[in-house]
Amino acid sequence: MIRVRGLTRRFAGKHGSVEAVRGVDLDVAAGELVGFLGPNGAGKTTTLRMLTTLLRPTSGQARVAGRDLLTDPDGVRRRIGYVAQSGTLAFDYPVREELEMQGRFYGLDRAKARSRCSELLAELDLGELRDRQVATLSGGQRRRLDIAMGLVHSPELLFLDEPTTGLDPTSRAALWDRIRGLRDERGMTVFLSTHYLDEADALCDRLLVIDNGVIVASGSPDELKRSVSGDAVTMTVHSGASAAGQVADGIDGTSDVAVDGDVVRLRVRRGDEALPVLLNALRDKDIELASVTVKRPTLDDVFQSVTGRSLHGEVAA
Ligand SMILES: Nc1ncnc2c1ncn2[C@@H]1O[C@H](COP(=O)(O)OP(=O)(O)OP(=O)(O)O)[C@@H](O)[C@H]1O
């Protein structure tokens with residue numbers, strides 16, 4: 001659905017040029033829900049604006065929804081929807097009118113625009129708000145209307161730029177359900193940008209991690225987390241910590257075993273598989289545990305392992 005090679009965008013600035021996107025390659029298959037994860041200024045919006053024909057690439061090639069981005073931008077535009085970071089809604093119109101106007105803008109006749117509008121208002125749970133002025137909607141309701149606007153012409157592919165920024169946790173979770181619904185019920189392909197780790201983790205099938213205009217990692221949230229040094233196991237024993245350390249060290253697939261007082265720490269590739277083996281081996285040696293915890297790496301650990309920085313700005317210790 002999307003195939004991009006060597007996409008680059010340079011901006012001329014007062015102090016020389018800024019290379020916002022530096023040779024991005026990416027592929028998205030039909031029906032995928034893909035997240036573009038990166039810190040502020042990483043190049044997410046610039047990439048999205050290029051892929052949606054709003055900004056001309058400095059160099060590179062792309063096919064988007066089966067059309068060439070450079071030679072057939074109109075073809076691309078007809079097949080995609082784009083919901084920008086700050087919506088483009090006019091505030092003093094009623095919801096229904098705003099959506100119908102968007103339908104007319106895309107060439108639907110009046111009757112078709114009206115039926116499409118009713119369908120979308122129901123799908124995005126905005127039916128009861130159809131006669132309300134846009135200015136009176138809550139942040140979450142407005143974001144749902146933004147998405148309805150992006151769907152009016154039944155695109156195959158929807159781009160969402162930071163769809164839940166500024167929403168409270170309940171509205172964010174509700175919007176995630178709607179976005180999943182687009183993929184599950186309509187088979188749509190969704191490409192969204194985010195700088196929220198929890199959003200990337202909970203919502204996306206696959207992630208492309210971008211930093212300084214370059215894709216630094218890609219994979220499903222689980223694959224990415226697994227690529228980082230494995231799960232951390234922390235055990236507290238009643239007695240015999242050094243013997244417990246030796247037992248842990250002798251098990252296949254453990255690493256970084258460290259004993260500190262009553263506490264034994266180690267790493268394993270997969271905690272769910274290693275833990276039963278470890279517990280049985282300790283029981284065989286009559287070593288009793290007071291507690292055990294397994295901590296899986298987070299997406300921030302992934303970001304730190306490839307960039308040396310936390311996604312939210314701190315330098316990794
Ligand atoms: N029109 C422009 N002129 C000059 N520099 C720009 C322009 N647009 C973006 N940039 C620069 O390009 C880089 C990438 O910006 P971009 O908006 O794509 O990042 P982003 O990942 O979307 O960030 P955010 O999450 O804050 O929206 C930044 O350094 C930004 O300052």
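## Helices α3 and α4

Helices α3 and α4 cross in a right-handed manner; a crossing is right-handed if the near helix is turned clockwise from the far one by less than a right angle, and left-handed if anticlockwise. The model is a predicted one, in which local features need pLDDT of at least 70, side-chain atom pairs count only at pLDDT 80 or more, and totals for chains, interfaces and linings use all residues. Residue numbers start from 1 along each chain as its sequence is written.

Helix α3 covers residues 95-105 and helix α4 residues 110-123; their axes come within 9 Å and cross at roughly 125°. Axes here are lines fitted to C-alpha atoms, for helices over the stretch in contact, with angles from 0 to 180 degrees between N-to-C directions. The angle makes α3 oblique to α4, given that angles under 35 degrees count as roughly parallel, over 145 as roughly antiparallel, 65 to 115 as roughly perpendicular and the rest as oblique. From α3, Arg96, Leu99, Glu100, Gly103 and Arg104 take part in the contact, and from α4, Ala113, Arg114, Arg116, Cys117, Leu120 and Leu121. Two residues are in contact if their C-beta atoms, placed from the backbone, lie within 7 Å. By class, the contact of α3 with α4 holds 5 nonpolar, 1 polar and 5 charged residues. Nonpolar covers Ala, Val, Leu, Ile, Met, Phe, Trp, Tyr, Cys and Pro, charged covers Asp, Glu, Lys and Arg, and polar covers the others, Gly among them.

## Helices α5 and α6

Helix α5 (residues 139-151) packs with helix α6 (residues 169-186) at an angle of about 20°, and their axes are 10 Å apart. The two are therefore roughly parallel to each other. The crossing in which α5 passes α6 is right-handed.

On the α5 side the contact involves Gly139, Gly140, Arg143, Arg144 and Ile147, which meet Ser171, Ala174, Leu175 and Arg178 of α6. The contact of α5 with α6 has 3 nonpolar, 3 polar and 3 charged residues.

## Ligand shell

There are 13 residues around the ligand, of which Phe11, Ala20, Lys44, Thr45 and Thr46 come nearest. The elements giving two or more residues to this shell are β1 (2-13), β2 (16-28) and α1 (44-51). A residue is near a molecule or strand if its C-beta atom, placed from the backbone, lies within 6 Å of it.

With 3 residues, α1 provides the largest share of the shell. The shell divides by class into 4 nonpolar, 8 polar and 1 charged residues.

## Positive phi angles

Most residues other than glycine have a negative phi. Thr53, not a glycine, has a positive phi of about 70°. Thr53 sits in the loop between α1 and β4 (59-64), and it counts as buried because it has 20 C-beta neighbours inside 10 Å. Asn212, also not a glycine, has a positive phi of about 50°. Asn212 is in the loop between β9 (206-211) and β10 (214-219), and with 15 C-beta neighbours inside 10 Å it counts as partly exposed. A residue is buried if 20 or more other C-beta atoms, placed from the backbone, lie within 10 Å of its own, exposed if 12 or fewer, and partly exposed in between.

## The chain as a whole

The chain contains 11 helices and 14 strands; helices (H or I, at least four residues) and strands (E, at least two) are DSSP runs, numbered from the N terminus. Along the principal axes, its C-alpha atoms fill a box of roughly 80 × 50 × 35 Å.

Of the 317 residues in the chain, 36% are buried. Among contacts between residues at least 6 apart in sequence, 65% join residues at least 24 apart.
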